[in-house]
Amino acid sequence: MAHAAPKPKVLIFDVNETLLDLETMRTSIGKALAGHDELITLWFSTMLHHSLVTTVTGEYHDFGKIGVAALMMVAQNNNIEITEAQAITAIKTPLLSLPAHPDVKSGLAALKAQGYKIVSLTNSSNKGVETQFKNAGLTEYFDERLSIEDIKVYKPDLRSYAWALKQLQVKPEEALMVAAHGWDVAGAKAAGLQTAFIARPGKALYPLAAKPDYVVKDLTELVQILK
């Protein structure tokens with residue numbers, strides 16, 4: 001879907017699912033949930049839900065710790081026994097070694113060659129994303145890595161996007177947020193940024209939010225639009 005928006009000065013990428021493929025986590029999370037693979041999506045949603053609980057209550061907990069707590073909650077609600085140590089192992093090890101989606105490296109390289117400043121903005125910790133990028137071979141494509149850990153306000157709170165823009169010294173309309181999550185593009189759009197939704201399999205836009213500027217199936221398509 002093309003749009004007549006002005007070319008952005010900076011491209012801001014979400015990380016998990018947008019750039020990195022979470023499929024490899026399904027095995028470990030499913031195993032921790034006694035083979036109930038259908039609960040994996042519920043776990044991720046529960047993690048996101050409670051990251052926002054911490055934000056609206058004025059607290060902060062590391063995203064990884066929220067993930068562990070969410071996994072234990074889902075297990076408890078489905079009468080599955082799991083220890084905190086088992087939950088940590090199920091999440092941490094695979095999360096740090098996720099592979100990039102097939103279109104990501106070539107897409108980022110093309111966007112970089114076109115002269116775009118490329119930045120990541122994630123709910124994960126600074127150290128976590130540094131490790132993820134190193135293991136996935138993505139470090140070289142990024143000019144900056146930003147984590148909400150530094151402001152302790154989770155996306156899609158509008159303050160998280162405003163903080164990122166301040167770090168990058170750009171106006172909202174000069175930045176394009178790229179994400180495979182409807183909630184992320186909804187937040188960025190409400191904060192005044194241009195947005196691009198990558199329609200990864202199983203991902204849908206939030207129908208009640210403002211429509212993104214672009215909807216693409218992968219980074220290859222986004223490269224063509226931003227030429």
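Buried is taken here to mean under 20% relative accessible area, exposed over 50%, and partly exposed in between, with a 1.4 Å probe and protein chains only. The structure is a predicted model, in which local features need pLDDT of at least 70 and side-chain atom pairs count only at pLDDT 80 or more, whereas totals for chains, interfaces and linings use all residues. Residues are numbered from 1 along each chain as its sequence is written, and side-chain values use heavy atoms, with hydrogens and water left out.

By that criterion threonine 195, at 0% relative accessibility, counts as buried. Threonine 195 belongs to strand β5 (residues 194-198), where helices (H or I, at least four residues) and strands (E, at least two) are DSSP runs numbered from the N terminus. With contact defined as heavy atoms within 4.5 Å, and neighbours within four places in sequence left aside, threonine 195 is in contact with Leu176, Met177, Val185, Ala188, Lys189, Pro212, Asp213 and Tyr214.

The nonpolar interior is described in terms of cores, a nonpolar core being a set of buried Ala, Val, Leu, Ile, Met, Phe, Trp, Tyr and Cys residues joined through side-chain atoms within 4.5 Å. The largest such core has 70 residues, and those with the most contacts inside it are Phe13, Trp43, Leu71 and Leu138. Helix α3 (residues 63-77) supplies the largest share of this core, with seven residues. Tryptophan 43 touches Met25, Ile29, Gly67, Ala70, Leu71, Val74 and Ile91, when residues up to four places away in sequence are not counted.

Two of the residues touched by tryptophan 43, Met25 and Ile29, also take part in a helix contact, in which Thr24, Met25, Ser28, Ile29 and Ala32 of α1 meet Ala90, Ile91, Pro94 and Leu95 of α4. If Ala, Val, Leu, Ile, Met, Phe, Trp, Tyr, Cys and Pro count as nonpolar, Asp, Glu, Lys and Arg as charged, and the others, Gly among them, as polar, the residues of this contact divide into seven nonpolar, two polar and no charged. Helix α1 (residues 23-32) and helix α4 (residues 84-95) pack at an angle of about 175°, with their axes 9 Å apart; axes are lines fitted to C-alpha atoms, for helices over the stretch in contact, and angles run from 0 to 180 degrees between N-to-C directions. Angles under 35 degrees count as roughly parallel, over 145 as roughly antiparallel, 65 to 115 as roughly perpendicular and the rest as oblique, and α1 and α4 are therefore roughly antiparallel to each other.

A salt bridge is a side-chain nitrogen of Lys or Arg within 4 Å of a carboxyl oxygen of Asp or Glu, and by this rule the count comes to 12 salt bridges. Three of them are tabulated here.

| Glutamate 174 | Lysine 9 | 3.1 Å |

Glutamate 174 is buried at 17% relative accessibility, whereas lysine 9 is exposed at 52%. Glutamate 144 is partly exposed, with a relative accessible area of 28%, and lysine 117 counts as partly exposed at 29%. Glutamate 130 and lysine 127 both lie in helix α6 (residues 126-136), three residues apart, about one turn of the helix.
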